[in-house]
Each structure stands twice: as structure tokens, then as C-alpha cells.
Amino acid sequence: MTLGSCSIVLYNKRNKTILLQLRDEHAPIYSNEYGFFGGHIENKEIPLGCIKRECLEELEYQLEAPKMIFMRYIQKAPRYHFVEEYNPNKPLTQHEGQDKKWFTYQELKSEKNISKSIKERSIEIIKKLKLT
């Protein structure tokens with residue numbers, strides 16, 4: 001039984017962009033497509049602890065105050081979606097996936113290398129954050 005998973009979307013309010021990961025060919029889902037940074041909740045871990053750990057592991061980025069923007073069930077397991085405004089004084093060093101990219105609303109709408117569900121959730125997040 002899975003404890004669920006967490007994802008983080010870093011955003012830049014000034015540029016009106018969100019950061020997504022280009023997953024590699026070994027990713028269990030959405031391989032070679034853009035998706036969210038994040039991962040599975042480990043034993044005795046709470047969602048906030050999970051997303052802080054995952055962000056450090058995947059981007060060497062210390063989250064300051066992530067906010068849960070929504071929670072959904074995916075295959076009967078909870079998926080917690082967090083957001084945080086990116087601090088440009090803190091560099092990002094990616095350790096998972098092929099690449100990362102900052103997307104505007106318009107770029108995201110026209111991106112072909114992204115699944116329909118990830119695109120829909122990303123657009124929902126952009127709208128909630130008023131980055132359109």
C-alpha cells in the first residue's frame with residue numbers, strides 16, 4: 001500500500017512562469033515528457049516533509065514555505081501538490097530527469113511534450129497563482 005506522493009511547482013511571479021521537469025526515459029510514468037518534481041511519501045513521513053526532502057534530492061533547493069495548493073487521489077493514493085515562489089538567489093542543481101524548463105501560461109498551452117493531465121493540472125496551478 002502506498003502512502004501517497006507529493007509534487008512541487010516552483011513559480012516566478014515576476015516572469016509569470018512555473019518550473020517543470022523533463023523526465024528521463026527511466027521514469028515509471030510520463031517518461032520523456034514534462035512533469036512535476038516530487039516523489040513518494042516514505043514510511044512515517046508527512047507530506048510536507050516529503051516535498052522538502054524530494055526538492056533537496058532533485059534540485060538541491062531548500063524550500064522555505066511550501067503551500068499545499070490541492071490534493072487529489074491518483075489510483076486510490078493521495079497526491080499532494082505544493083507550490084512555492086522561487087527565490088532566484090538560491091541556485092537549482094538538477095539531479096533527476098533530463099532537464100528543467102520555466103513555462104509561461106502561453107508556452108504551456110502550446111507544449112506538445114506533456115501529458116494532458118499534467119498540462120491540465122499545470123494550467124490550474126497557473127490560474128490559482130494568477131500567473132496568466
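Let's start with the surface. The protein chain exposes about 7600 Å², and carbon and sulfur atoms supply 50% of that. Those areas come from the Shrake-Rupley method with a 1.4 Å probe, and for residues only the protein chains shown count as cover.

A word on the source. This is a predicted model, where local features need pLDDT of at least 70, side-chain atom pairs count only at pLDDT 80 or more, and totals for chains, interfaces and linings use all residues. Residues are numbered from 1 along each chain as its sequence is written, and side-chain values use heavy atoms, leaving out hydrogens and water.

Now the fold. The protein chain has 3 helices and 7 strands. From the N terminus, the order is β-β-β-β-α-β-β-β-α-α. Helices (H or I, at least four residues) and strands (E, at least two) are DSSP runs, numbered from the N terminus.

Next, the inside. Of the 132 residues in the protein chain, 48% are buried. Buried means under 20% relative accessible area, with a 1.4 Å probe and protein chains only. Among contacts with a separation of 6 or more, 64% join residues 24 or more positions apart. Contact means heavy atoms within 4.5 Å.

Where does Arg53 lie? In helix α1, residues 47-59. Is Arg53 buried or exposed? Arg53 is buried, with a relative accessible area of 16%. Leaving aside neighbours within four places in sequence, Arg53 is in contact with His40, Glu42 and Glu45.

Note on methods:
Buried < 20%, exposed > 50% of the residue type's maximum accessible area, 1.4 Å probe, protein only.
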